[in-house]
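These are my notebook entries on one structure. I record what I looked up, entry by entry.

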Amino acid sequence: MQHIRAHVLVCGGTACKSSGSQKVRDAFARYLEEYKLQDEVMLVETGCHGFCEHGPLVIVYPEGTFYCRVTADDVKEIVEQHLYKGRIVERLLYREPLTQEQVPNYDEIGFYKKQHRIVLANCGEIDPENVGEYIAVGGYEALGKALTQMSPEQVVEEVKKSGLRGRGGGGFPTGLKWQFAKASVSDKKYVICNADEGDPGAFMDRSVLEGDPHRVLEGMAICGYAIGADEGYIYVRAEYPLAIKRLRVAIAQAEEAGLLGRNIFGSGFDFTIHIKEGAGAFVCGEETALMASIEGKRGMPRPRPPFPAVSGLWGKPTNINNVETFANVAQIINNGAEWYSRFGTEKSKGTKVFALTGKINNTGLAEVPMGITMREIIYDIGGGITNGKKFKAVQIGGPSGGCLPESMLDLPVDYDSLIAAGAMMGSGGLVVMDEDTCMVDVAKFFLTFTQSESCGKCTPCREGTKRMLEILTRITEGEGREGDIELLESLAENIKATALCGLGQSAPNPVLSTLRYFRHEYEEHIKNKRCPAGACEKMLSYIIGDDCKGCTKCARNCPVQAISGAVKQKHVIDQSKCIKCGACMAGCPFKAITKG
Amino acid sequence: MKSLADLHALRDKLKSDLKLRKESGTKIIIGMGTCGIAAGAREVMAAVLDELARRHLTDVQVQQTGCIGMCDKEVLLDVLRPGEARITYGNVKPEDVSKIIANHVVNGNIVEEMVVGKIENK
Ligand SMILES: Cc1cc2nc3c(=O)[nH]c(=O)nc-3n(C[C@H](O)[C@H](O)[C@H](O)COP(=O)(O)O)c2cc1C
């Protein structure tokens, strides 16, 4: 056997793959061979590092050099200069956006400095398709410890003491949920992992499954032991083919190694895991709809109680948790509840993974201790707003969440503070918006989503969200009426109070939170027929200014003959005919036409 | 795998494969400037990797560096043990490698007759 002196880690997460990491990997394989380095340099495809904005990412160890936006054409240079001659290819290093400083090492980059990685510890660091690498970094130790040294009661107690709360949105205490499922008496119980991840913009669960699938399997098996279940399901949307593939590989390898299956660690405990592919309906992330879907029925929610812990999948006691929730479990068992509860705030323990998107420099995944402020996430980790624009709002919690304004940036991010501020943790999607964003339009966007994802079973959600959407639409089109705000508020309160499931109960949140913090924008739209952000197309008017030379070009460009005027005379636009296509403005040689 | 002990045994065996991605112990640094390569740095590197594999010294890191200006003494090879001075050996030939590794890397005894430089550890 040769001494391996360097490891080249190529990110194989979905984002990096779509920006060409497969070609980068292939180029490495080719050039390592060309330079006869293939026996001394190991090439590894990992899961997501989270720094997706700068992908494809390549890390070279032992130096820990972090290369960004690597293309197949850069690979020859990295092999020749770095791997052969030991010279770092500086032009491919990351530059801090604010200082333009080059940063050679991964852990010195601002994006990673404030992060604390428990769930994502292995993502991007190990080969997710090799159970050996997971074992080498301590994998399955927690399962072994639970099965051979702890009673199910002790496992439940440890998870309870850790303060872990569900990462799927609701934040229900995980240990307590396990206790309920354990207390149910039955010949058969199930464990379900909710990997439906339906929030637009959220991709933390996918990244964990792609980057460290064994961690989730281990968490599920520990849960099975704790509650007395011998079978588990992972419900994952079919739009996540890479996650599904890696899960299948992981399950097969774990079975092969005896880490899943019969009599695990000689303890007499059996546990098997199946994958159920979902069709990607948002409502199927709701636990009762999800179980109906696994049973082959239409994915619709049902009233609770009975809760799944009493009557779940096929009527049997079932414990359902989110991917990220399960991904925390092994660490809690390994390091103890006390260790875990050192991170976070009094009522929100541990860390949370956020997906940063929108008008932010470093889009990607960041895992931070609970209680960190929104400002730290957006500015220190996210690198601030793109193009030097001003921050306006951050939307947190997806379609069930809310928008927070600048004055809330110092809010500590934890379950309870967010609820009090009118938002919610949700699955951890963060959409950052700048000054050009219209908040009424944002509310309309999210309500359009929930409205089309409403399953139609209960009236408040089916009809109520439709009526709310109609009102929002007319406001953004300049047809808003006196009393619309009050009507939105009363509909919202009614839907929240009476909808069957969480989808309807939380659908009005984006409207309510924007009304709370940006009410004046609604009023401007309704009273003055004006969109302060200049975003609502229908409310804009194009105006020809004094720079007009009367060249007639705009009149000829206008598809609806809305522009008139004599040659060499200033032209005018008939606002009643104008369809706001912008052709006049785009074609004006004198830049005499403005939009406002 | 039948028991927790089996898991531990497997882990200990596999752990060394990943050591490179964590902080390591001793480093061997080879001069890979044009001068070093011309003087046979690749052959020295190959000898180092062979010797480390033969002795199962999985936690020794091998790195390269560029020209440091002592071109007539290439191939240059540095050994850096944790907490000790960084020792630079000059005119290293593949056949010198096993002596340097046996004496210095493994046992901590500097091969004085080949030393051309020393940087104290601060
Ligand atoms: C409309 C709707 C969609 C949901 N989507 C998800 C989802 O995609 N992933 C998830 O883990 N939980 C989702 N939930 C929450 C689940 O019903 C359930 O509470 C969660 O899986 C429990 O896991 P936890 O305690 O670990 O958070 C959704 C809930 C609702 C009402």
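**Entry: conventions**

I note that this is a predicted model, in which local features need pLDDT of at least 70 and side-chain atom pairs count only at pLDDT 80 or more, while totals for chains, interfaces and linings use all residues. Residues are numbered from 1 along each chain as its sequence is written, chains are lettered from A and ligands numbered from 1 in the order in which they are written, and side-chain values use heavy atoms, with hydrogens and water left out.

**Entry: chain B**

I listed four helices and five strands for chain B. Helices (H or I, at least four residues) and strands (E, at least two) are DSSP runs, numbered from the N terminus. From that terminus on, the order in chain B is α-β-α-α-β-β-β-α-β. The C-alpha trace of chain B spans about 60 × 30 × 25 Å along its principal axes.

Of the 122 residues in chain B, 48% are buried. Here buried means under 20% relative accessible area, exposed means over 50%, and partly exposed lies in between (1.4 Å probe, protein chains only). I also looked at contacts (heavy atoms within 4.5 Å). Among those in chain B between residues at least 6 apart in sequence, 65% join residues at least 24 apart.

The size of an interface is often given as the accessible area lost when the parts come together. For chain A and chain B the buried area is about 3000 Å², of which carbon and sulfur atoms give 58%. Buried area is the accessible area (1.4 Å probe) that two parts lose on being put together, summed over both. In chain A, the residues that lose the most area to chain B are A:His3, A:Arg5 and A:Tyr84, together 22% of what that side buries.

I counted 42 residues of chain A in contact with 33 residues of chain B. Two salt bridges join chain A and chain B, where a salt bridge is a side-chain nitrogen of Lys or Arg within 4 Å of a carboxyl oxygen of Asp or Glu. B:Arg11 forms a salt bridge with A:Glu141, with the closest N and O atoms 2.7 Å apart.

Which element gives the largest share of the side of chain A that touches chain B? I found that α6(A) does, with five residues.

**Entry: A:Thr148**

I placed A:Thr148 in helix α6 of chain A. A:Thr148 counts as partly exposed because its relative accessibility is 39%. Leaving aside residues up to four places away in sequence, A:Thr148 touches A:Phe265 and B:Leu4. The side chain of A:Thr148 reaches the backbone oxygen of A:Gly144 at 2.6 Å. A:Thr148 and A:Ile264 are 116 residues apart along the chain, with their C-alpha atoms separated by 9.7 Å.

**Entry: A:Glu324**

Is A:Glu324 buried or exposed? I record A:Glu324 as buried, because its relative accessibility is 1%. A:Glu324 belongs to helix α13 (residues 323–335) of chain A. A polar atom of the A:Glu324 side chain lies 3.1 Å from the backbone nitrogen of A:Val353. Not counting residues up to four places away in sequence, the residues that A:Glu324 touches include A:Val119, A:Arg167 and A:Met204.

**Entry: backbone details in chain A**

I noted a cis peptide bond between A:Tyr61 and A:Pro62, with omega about 15°. A:Pro62 is in the loop between β3 (58–61) and β4 (65–67) of chain A. Another cis peptide bond joins A:Pro305 and A:Pro306, with omega about 5°.

A:Lys36, which is not a glycine, has a positive phi near 55°. A:Lys36 counts as exposed because its relative accessible area is 64%.

Key: A polar contact is a pair of N or O atoms within 3.5 Å; within protein, one must be able to donate a hydrogen and the other to accept it, and residues adjacent in sequence count only if both atoms are side-chain atoms.
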